[in-house]
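Work through the exercises below with the structure open beside the text. Try each task before reading its solution.

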Amino acid sequence: MLVNEENNMNTTTQRKPLIAGFMSLILPGFGQLYNGQLNKGILLFIGFTLSVIPLPTLTLWLPAVFTLPLLIISLLLTLSIWLYAIINAWKQARLQPGYVPKAWQQPATYIGAFLIAMLILSITTDYVRSHLIEAFTIPSSSMLPTVLKGDLLFADKRYNCPGCKHHAQRGDIAIFVYPNNRSWYYIKRIIALPGDRVSIKDQTVFINGQALTQSTAQENDANLVTEKTETSSYQVRWSKNDALTMAEMTVPAGAVFVLGDNRSASNDSRKFGTVPMMDVVGKARQLWFSYGEDGVRWERLGEVVK
Amino acid sequence: MKHMKTQPPPMTDAQLDQLLATTGQLQVPDDFEQRIMQEIASLPETTSDIKGINHWWQLAGLLGAGIPGIAQVISFIFSIWSVTSAG
């Protein structure tokens, strides 16, 4: 009995609440590991990781209008789990002043768990951004009036890739690698697909001899032209004095012809040529923030991009 | 019919003390407690030094992991919200 008490005295160490809380701040569930709650630590880490991934993934299978609300819920849930992990680790450590460390609580275990968790988070982050959903900011007015300078939007990255459900279609607002500088992304509307014949005359775009123009409205010094493809209808803007003409060309195989909706102020396929299909990486989905010279454009938040 | 082995019930501490008293083996020396305490007091002081050094290493490791850890967690949480420019 005396021997047992002596052993306990030698192996008992105090759990420090600040260290426990700080460890869960570094990594949700890490403080629970320090407190000897292995299962709880693992569950918290898994819960934290899943709250960042499944909800955003789920939004992609729902109508685009649900993207922003679900992503906000997902963000709040993630932050709640993180906060809970910190407070719980701190409280639990306070309840264990005389704690006997378990056999697995060695420095190597903590270092290994930390490195593995960091690797998981890093891989998951890259996967989500490159294969599922990514946010973009728009620094130019080339897509006016559909997308304004200062808009922030989500793009669906499950687009135009092998095995992807969504393939490039005429009328899609696509994000692609700029052919003249591969470190830049551009956002433009896909007008013509491989094999299509495209030409422009008198502010009218023709695809395979058929005009896209449905109607024209006047706005100060510009014409607002409504165009229609098989799947979408949208408005584009031409300056009134713009008389640009483009001779008919055929889009080569494996490429698309893109135009900015602000036809008189856009650097697009009329200047840099067609875009290789493999460089089209995403499709604009929903605006999640918008700001301009007059401040936040609240009315645009959550607007589905078409 | 099977024969089942029956084990005697475990002895209590009082019964054990009583049994040892009958054998005369439980003769604790008078200075037993004093000798034990002397042994405990003479434990090398270096253990506390080692504990102190370990403590500082642990703190240094924790703080060293803290910056990349927090940065990674924040980058993970806001991975979907961090924007790329598309002109």
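Predicted model: local features only at pLDDT ≥ 70, side-chain atom pairs only at ≥ 80, totals over all residues.

**Exercise 1.** Describe how helices H4 and H6 of chain A pack against each other.

Solution. Two packed helices are described by the angle between their axes and the distance between the axes. For H4 (residues 38–52) and H6 (residues 67–94) of chain A, the angle is about 160 degrees and the axes are 8 Å apart. An angle over 145 degrees counts as roughly antiparallel, so H4(A) is roughly antiparallel to H6(A). The crossing of H4(A) past H6(A) is left-handed. Residues in the contact include A:Leu44 and A:Phe48 from H4(A), and A:Leu77 and A:Ile81 from H6(A). By type, the contact residues are eight nonpolar, five polar and one charged.

**Exercise 2.** Find A:Gly260 and decide: is A:Gly260 buried or exposed?

Solution. Start with the loop between strand E12 (255–259) and helix H8 (269–272) of chain A, where A:Gly260 lies. The relative accessible area of A:Gly260 is 0%. Buried means under 20%, so A:Gly260 is buried. Next, list its contacts beyond the neighbours within four places in sequence: A:Ser142, A:Met143, A:Lys188, A:Ser266 and A:Asp268.

**Exercise 3.** Describe the contact between chain B and chain A.

Solution. Count the residues: 26 come from chain B and 45 from chain A. Then take the area buried between the two chains, about 3000 Å², with 77% given by carbon and sulfur atoms. Finally, look at chain B: B:Phe76, B:Ile80 and B:Trp81 supply 26% of the area it buries against chain A, more than any other three residues.

Methods. Residues numbered from 1 in each chain as written. Chains lettered and ligands numbered in written order. Heavy atoms only, no water. Axes fitted to C-alpha atoms, helices over the stretch in contact; angles between N-to-C directions. Helix = DSSP H or I, 4+ residues; strand = E, 2+ residues; numbered from the N terminus. Parallel < 35°, antiparallel > 145°, perpendicular 65-115°, else oblique. Left-handed = near helix turned anticlockwise from the far one by under 90°. Contact = heavy atoms within 4.5 Å. Nonpolar A, V, L, I, M, F, W, Y, C, P; charged D, E, K, R; others polar. Buried < 20%, exposed > 50% of the residue type's maximum accessible area, 1.4 Å probe, protein only. Buried area = accessible area lost by both parts, 1.4 Å probe.
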